[in-house]
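This briefing sets out selected features of a protein model for use alongside the sequence and coordinates. The points are grouped by topic.

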Amino acid sequence: MNTLKRIFLFTLFTVFFAAGLLAQSRVLIPMDATQTNHLKAYGIIFNHLGEGETGQWLLNYRGGSFLTTNTADIVRKARVRNVRIDVISELDAAGIVNEVEQPNVNMAAINLEAAPSIAVYTPPDALPWDDAVVLALDYAEIPYDRLYDEEVLRGDLEQYDWLHLHHEDFTGQHGKFWSIYRNAPWYISSVQKLEQLAESLNYDSVKELKLDVVYEIRDFVGNGGFMFAMCSGTDTFDIALAAAALNIVPPEIGGTALSADINERLDFTSTFAFENFEVFLDPYLYEHSSIDIEVDINRISESLDYFTLFDFSAKWDPVPTMLTQNHVSSIRGFYGQATAFQSNTVKNSVVVLAESPGRNQVKYLHGNHGQGTFTFYGGHDPEDYTHRVGDAPTDLSLHTSSPGYRLILNNVLFPAAEKKKRKT
């Protein structure tokens with residue numbers, strides 16, 4: 001046998017041997033305290049699924065770890081992004097799954113089948129750091145599309161599985177910033193743009209425009225979509241539904257008279273998560289309703305402000321368990337226009353995922369509407385305690401293991417566990 005032939009056969013053997021090793025091994029992405037970059041890890045598994053691979057979410061196993069196929073690509077990407085992975089044998093992988101599936105442990109293995117298509121409802125001129133979800137998606141390198149009122153109203157939501165609502169004011173009151181910022185150039189410009197958009201789409205007011213957008217999103221969820229909202233995108237969505245037949249925009253903001261007896265005429269049968277709340281009609285009050293807690297940063301020390309995740313049965317309640325996967329059970333609190341939700345305004349049909357102990361405050365909740373689901377998360381930015389207009393952006397490279405941001409990314413990955421495609 002000549003030398004060239006020997007080299008060819010040796011190379012061929014090496015390639016097949018290496019391929020055999022890959023075929024007989026798996027990748028474990030631990031999500032406990034040993035993980036070097038929790039947030040990037042979500043992007044690794046998400047994009048691995050997007051390339052046609054499959055995996056498993058090991059609920060309550062080492063912080064909600066991921067088990068997936070071994071390829072040279074996932075190993076390379078993980079190393080470049082400083083994401084810890086462990087390449088283990090098929091035998092070891094089977095042993096882990098067997099341990100997780102034991103009936104006497106609160107763990108479960110959930111199949112991850114396909115990466116969902118992601119959309120973010122956000123104004124076209126919004127700054128990247130205006131929204132924690134956009135920050136998380138960008139940092140984790142998870143692909144998404146931006147859309148706003150025009151795209152929603154023409155039916156573009158049918159192209160997506162998962163939708164995030166930017167910190168929008170769906171009541172048409174421009175965030176109730178009027179009392180503080182009515183003379184600020186950015187506020188004046190924002191109001192003008194929305195009013196021009198409403199007029200161009202043949203609406204008499206921004207309130208009417210936003211209500212139709214809310215109806216489109218409601219139907220998206222009802223048809224099987226996954227909707228996630230934070231801060232004012234949560235309560236104003238339900239307020240818009242409850243006050244659909246009423247004008248709740250003060251004349252100082254909207255230019256027309258308020259409806260009569262508004263709080264007696266709110267329709268809570270149409271809302272997703274909240275009921276028995278009152279709408280605040282004072283234009284000088286930077287608050288939409290009694291859903292949100294009263295913000296008083298002097299009432300409690302930042303070092304003592306935290307909320308606690310509930311512990312669910314992984315085998316019997318896999319959905320809330322997926323949404324609460326973390327490497328810690330208590331998470332630092334953070335403010336927003338809608339910081340947290342008064343417990344007495346949350347519907348009994350809603351699953352509370354996290355609350356502030358002893359304060360009757362729900363921070364994180366989940367529910368069903370039709371064939372789809374919604375999740376509401378109070379606050380603006382999990383790593384910016386008081387976030388104010390004009391604050392500098394959060395640098396997630398300094399918060400690679402943020403438990404507050406992990407809750408956002410749990411929601412992004414959650415639809416991958418669904419076996420059936422969304423009906424449109």
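**Helix H2**

In this predicted model, helix H2 covers residues 38–50, and its 13 residues should span 18 Å at 1.5 Å a residue; the end C-alpha atoms lie 19 Å apart, which agrees.

- H2 is mostly covered, with 11 of its 13 residues buried.
- Among the buried residues of H2 are Leu39, Tyr42, Ile45, Phe46 and Leu49, and His38, Lys40 and His48 also belong to this set.
- After H2 comes Gly52, which has a positive phi near 95 degrees.

**The open sheet and strand E1**

- Five strands make up an open sheet with antiparallel pairing, in the order E4-E1-E3-E2-E5.
- The edges are formed by E4 and strand E5 (108–112); each has a single partner strand, so one side of each lacks a neighbour in the sheet.
- From one strand to the next, the twist averages 30 degrees.
- In strand E1 (residues 25–29), 5 of the 5 residues are buried, so E1 is largely enclosed by the rest of the structure.
- Burial applies to both faces of E1: Ser25, Val27 and Ile29 lie on one side, and Arg26 and Leu28 on the other.
- E1 pairs with strand E4 (residues 86–89) in the antiparallel sense over 4 bridges, and Ser25 has Ser89 as its bridge partner in E4.
- E1 is also joined to strand E3 (residues 65–69) by 4 bridges, again antiparallel; in E3, Thr69 stands opposite Arg26, and Thr68 is the bridge partner of Val27.
- Helix H4 (residues 90–100) lies across E1, strand E2 (55–59), E3, E4 and E5, and runs at about 95 degrees to E4.

**Nonpolar cores**

- The largest nonpolar core has 60 residues, of which Ile29, Phe66, Leu112, Met230, Tyr377, Ile408 and Leu413 touch the most other members.
- Helix H5 (residues 132–140) supplies the largest share of this core, 8 residues.
- Leaving aside residues up to four places away in sequence, the contacts of Met230 include Ala132, Val133, Phe334, Tyr377 and Ile408, as well as His164, His167 and His380.
- A second, separate core of 47 residues includes Val152, Phe268, Ala273 and Val279.

**Thr373**

- Thr373 lies in strand E15 (residues 372–377).
- Thr373 has a relative accessible area of 10% and is therefore buried.
- Beyond residues up to four places away in sequence, Thr373 touches Val221, Gly225, Phe226, Met227, His366, Gly367, Asn368 and Phe414.

**Salt bridges**

- The structure contains 13 salt bridges.
- One of them joins the side chains of Asp32 and Arg62 (2.9 Å, N to O); the pair links distant parts of the chain, 30 residues apart, with Asp32 in the loop between E1 and H2 and Arg62 in the loop between E2 and E3.
- Asp32 is buried at 17% relative accessible area, whereas Arg62 is partly exposed at 27%.
- Another salt bridge connects Arg81 and Glu141 (2.9 Å, N to O); these residues are 60 residues apart, Arg81 in the loop between helix H3 (72–80) and E4, and Glu141 in the loop between H5 and strand E7 (145–147).
- Arg81 is partly exposed at 24% relative accessible area, and Glu141 is partly exposed at 33%.
- The side chains of Asp156 and Arg154 also meet in a salt bridge (2.9 Å, N to O); Asp156 is buried at 13% relative accessibility, while Arg154 is exposed at 59%.

Terms used: Residues are numbered from 1 along each chain as its sequence is written. This is a predicted model: local features need pLDDT of at least 70, side-chain atom pairs count only at pLDDT 80 or more; totals for chains, interfaces and linings use all residues. Side-chain values use heavy atoms; hydrogens and water are left out. A nonpolar core is a set of buried Ala, Val, Leu, Ile, Met, Phe, Trp, Tyr and Cys residues joined through side-chain atoms within 4.5 Å. Buried means under 20% relative accessible area, exposed over 50%, partly exposed in between (1.4 Å probe, protein chains only). Helices (H or I, at least four residues) and strands (E, at least two) are DSSP runs, numbered from the N terminus. Contact means heavy atoms within 4.5 Å. Two strands pair if DSSP finds at least two bridges between them. The expected span of a helix is 1.5 Å times one less than its number of residues. Axes are lines fitted to C-alpha atoms, for helices over the stretch in contact, and angles run from 0 to 180 degrees between N-to-C directions. A salt bridge is a side-chain nitrogen of Lys or Arg within 4 Å of a carboxyl oxygen of Asp or Glu.
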